[in-house]
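Reader: I would like to learn how to read the strands and rings of a model such as this one. Could we go through it step by step?

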Amino acid sequence: MTQDMHTSDRSDVFPRRGPDRRTVLRGAALGAAAPLLPAAAATAAPASTTAGRDRGGDRAARSVSFRWLGTTGWRIDVGGRTVLFDPYLTRFPTGLFGSGLDPETELKTDPAVVDAHIGRPDLVLVSHSHWDHLGDVPYIARTTGARVIGTETTYHLLTALGVDPKQISVVKGGEVLDIGTITVEVVPGLHSRNKNCSYFAPGTLNAPPATVPRTIADLPEGDTLAFRVTAGEHGPSAFLMGASDFDERAVRGLRPDLAMIAVPTATSTTHHYVPRLLDALDAPGVVVPVHWDNFELPLTGSPVRDPAMDLDAFLAQVGKASPATRIVVPDYRTVYDGDMRPARR
């Protein structure tokens with residue numbers, strides 16, 4: 001909602017990176033301005049390049065691609081595998097950006113729109129079960145056979161919507177999953193809250209719903225997760241959020257290279273959200289703001305801002321809290337490499 005396999009026991013799944021790689025990434029962050037970065041958000045810095053990066057890391061960065069699917073959604077391609085995170089693509093109107101949210105809005109999926117963006121996914125990661133995160137997942141799971149990783153609430157909703165239970169992996173946070181060419185660390189998260197410290201459709205499911213979900217109100221939040229996805233042995237790691245709040249103790253020490261951070265609303269009650277999060281993540285080399293677009297408009301053309309989100313204030317807070325961090329404001333039409341630079345064609 002708007003601001004809204006096996007477990008590996010190997011001790012070397014997430015080896016702590018030495019200072020060289022992080023220093024190189026920070027140096028790269030101070031180089032050319034990112035696409036679509038507003039001039040006011042740019043930070044003056046000395047010129048720098050990625051020449052110091054080890055050869056394996058540079059190749060790994062080029063072999064990974066990121067596509068923003070709008071809202072908090074991502075498509076990540078690495079090593080012949082496709083991973084989706086919160087893939088909400090149908091983007092149907094609910095009144096949220098007009099006369100007011102209608103909880104009785106019926107759920108729908110547009111297969112042609114979804115198929116045009118998802119490739120052949122092996123894995124779908126779901127942060128929480130609100131419609132603008134889970135809405136298209138039942139169709140994707142049923143038609144592609146992709147494995148879905150999410151909460152118990154996500155499990156019960158998906159099975160009620162016709163997904164094979166054997167395709168769904170229930171997680172709680174803390175799991176480190178070794179999935180071939182990628183590693184997925186599940187992070188306990190929190191949903192954002194409005195000025196009344198509440199949010200739409202709270203609650204969890206510990207059993208199947210009494211009836212098949214039909215409306216957006218039938219999809220409760222059901223607890224919120226974040227994920228850290230690492231590509232291969234030398235590839236970049238990306239921290240993926242589905243809502244603009246976080247468990248500070250849970251994210252501390254993750255040290256991702258990239259952080260896809262949900263932008264809060266102007267009325268958010270999360271205390272010192274940006275500086276606390278960036279400090280806990282150890283000032284990522286790249287920050288990518290998400291969940292700032294109007295997700296009831298199609299994924300064509302440039303993103304249109306959600307008027308409830310103060311993107312400019314968020315960018316300014318990132319620049320103040322972590323001056324060495326490079327900010328990339330994403331576009332629907334751009335494919336990015338593992339450093340979040342436009343991929344070479």
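Author: Let us begin with terms: two strands pair if DSSP finds at least two bridges between them, and strands (E, at least two residues) and helices (H or I, at least four residues) are DSSP runs, numbered from the N terminus. This is a predicted model, in which local features need pLDDT of at least 70 and side-chain atom pairs count only at pLDDT 80 or more, while totals for chains, interfaces and linings use all residues. Residues are numbered from 1 along each chain as its sequence is written, and side-chain values use heavy atoms, with hydrogens and water left out.

Reader: In what order do the seven strands of the open sheet lie?

Author: Strands of a sheet pair through backbone hydrogen bonds, either parallel or antiparallel. Here the order is β6-β5-β4-β3-β2-β1-β15, with mixed pairing. Because β6 (168–170) and β15 (335–336) stand at the edges with a single partner strand each, one side of each has no neighbour in the sheet.

Reader: How many bridges join β2 to β3?

Author: Five bridges join β2 (residues 74–78) to β3 (residues 81–85), and the two strands run antiparallel; Trp-74 stands opposite Phe-85 in β3.

Reader: How many aromatic pairs does a search of the whole structure find?

Author: Rings of Phe, Tyr and Trp (its six-membered ring) pair if their centres lie within 6.5 Å, and planes under 30 degrees apart count as stacked, over 60 as edge-to-face and the rest as tilted. The search finds nine aromatic pairs. The rings of Tyr-88 and Phe-92 have centres 6.0 Å apart and planes at 85 degrees, so this pair is edge-to-face.

Reader: Are Tyr-88 and Phe-92 buried or exposed?

Author: Both Tyr-88 and Phe-92 are buried, where buried means under 20% relative accessible area, exposed over 50% and partly exposed in between (1.4 Å probe, protein chains only).
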